[in-house]
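Have the structure open as you read.

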Amino acid sequence: MKVIKTFNDWVEKGLISLSVLLFIIYISLILLQVVSRNYLHLPVLWAQEVAIFCFLWTIFLGAAIGLRQRRHYLVEAFPKKMEKTNHSLSLVAHVLILFFVYVLITGGYDFARMGLTRLSNALEIPQAYLFASIPVSGLVMFLFIIELISNDVRALFKKGAD
């Protein structure tokens with residue numbers, strides 16, 4: 001399981017770096033668009049589409065990072081001394097998330113395939129580049145949820161709790 005954790009650490013660091021870069025590009029493009037439209041009276045048509053692409057990718061990659069860091073939810077319905085019960089609930093929650101991840105991967109793949117035939121307005125590139133963020137984040141979430149499930153199972157069978 002150490003291999004999975006090490007690999008996921010590497011993936012998470014890469015996703016954080018990519019998300020920060022995409023967010024900086026997003027903010028810069030919005031600033032460019034505001035300045036060019038309000039002060040220069042020259043709208044930059046492509047900036048809005050690139051900003052949307054960056055924003056969507058940042059959101060989906062951030063969702064995967066949030067899943068690994070357990071920032072989306074926390075299932076601890078019982079006091080800390082009832083560790084096994086809390087780990088059991090966490091395991092159930094993580095298994096349920098697998099179904100959501102499956103939908104992201106399969107539905108997102110279909111959505112991205114559909115985007116191959118549709119072009120964006122200003123850039124005239126396939127919208128599949130935009131929609132690909134859905135199955136990609138689903139695949140990364142799958143990697144992360146496998147690690148979380150293995151941590152829950154290991155904690156559940158650890159001696160000395162409950």
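Before the questions, one rule: a salt bridge here is a side-chain nitrogen of Lys or Arg within 4 Å of a carboxyl oxygen of Asp or Glu. Keep in mind that this is a predicted model.

Q: What makes lysine 5 and aspartate 9 a salt bridge?
A: Their closest N and O atoms are 3.0 Å apart, and the cut-off is within 4 Å, so the pair qualifies. The two sit four residues apart in helix α1, which means about one helical turn separates them.

Q: Why is lysine 5 called partly exposed?
A: Its relative accessible area is 42%. Buried means under 20% and exposed over 50%, so lysine 5 lands in between.

Q: Why does arginine 68 count as buried?
A: Arginine 68 has 11% relative accessibility, and buried means under 20%. Arginine 68 still forms a salt bridge with aspartate 9, the closest N and O atoms being 2.6 Å apart. That pair links distant parts of the chain, with arginine 68 in helix α2 and aspartate 9 in helix α1, 59 residues apart.

Q: What makes α2 roughly parallel to α5?
A: The axes of α2 and α5 cross at roughly 5° and come within 9 Å. Angles under 35 degrees count as roughly parallel, so α2 and α5 get that label.

Q: How do you know that tyrosine 39 is exposed?
A: Tyrosine 39 has a relative accessible area of 64%, and exposed means over 50%. Tyrosine 39 sits in the loop between α1 and α2, and is one of the residues making a nonpolar surface patch of about 560 Å².

Conventions
Residues are numbered from 1 along each chain as its sequence is written. This is a predicted model: local features need pLDDT of at least 70, side-chain atom pairs count only at pLDDT 80 or more; totals for chains, interfaces and linings use all residues. Side-chain values use heavy atoms; hydrogens and water are left out. Patches are made of residues with over 30% relative accessible area and no salt bridge: like charges are joined within 9 Å, nonpolar side chains (Val, Leu, Ile, Met, Phe, Trp, Tyr) within 5 Å. Accessible areas come from the Shrake-Rupley method with a 1.4 Å probe; for residues, only the protein chains shown count as cover. Buried means under 20% relative accessible area, exposed over 50%, partly exposed in between (1.4 Å probe, protein chains only). Axes are lines fitted to C-alpha atoms, for helices over the stretch in contact, and angles run from 0 to 180 degrees between N-to-C directions. Angles under 35 degrees count as roughly parallel, over 145 as roughly antiparallel, 65 to 115 as roughly perpendicular and the rest as oblique.
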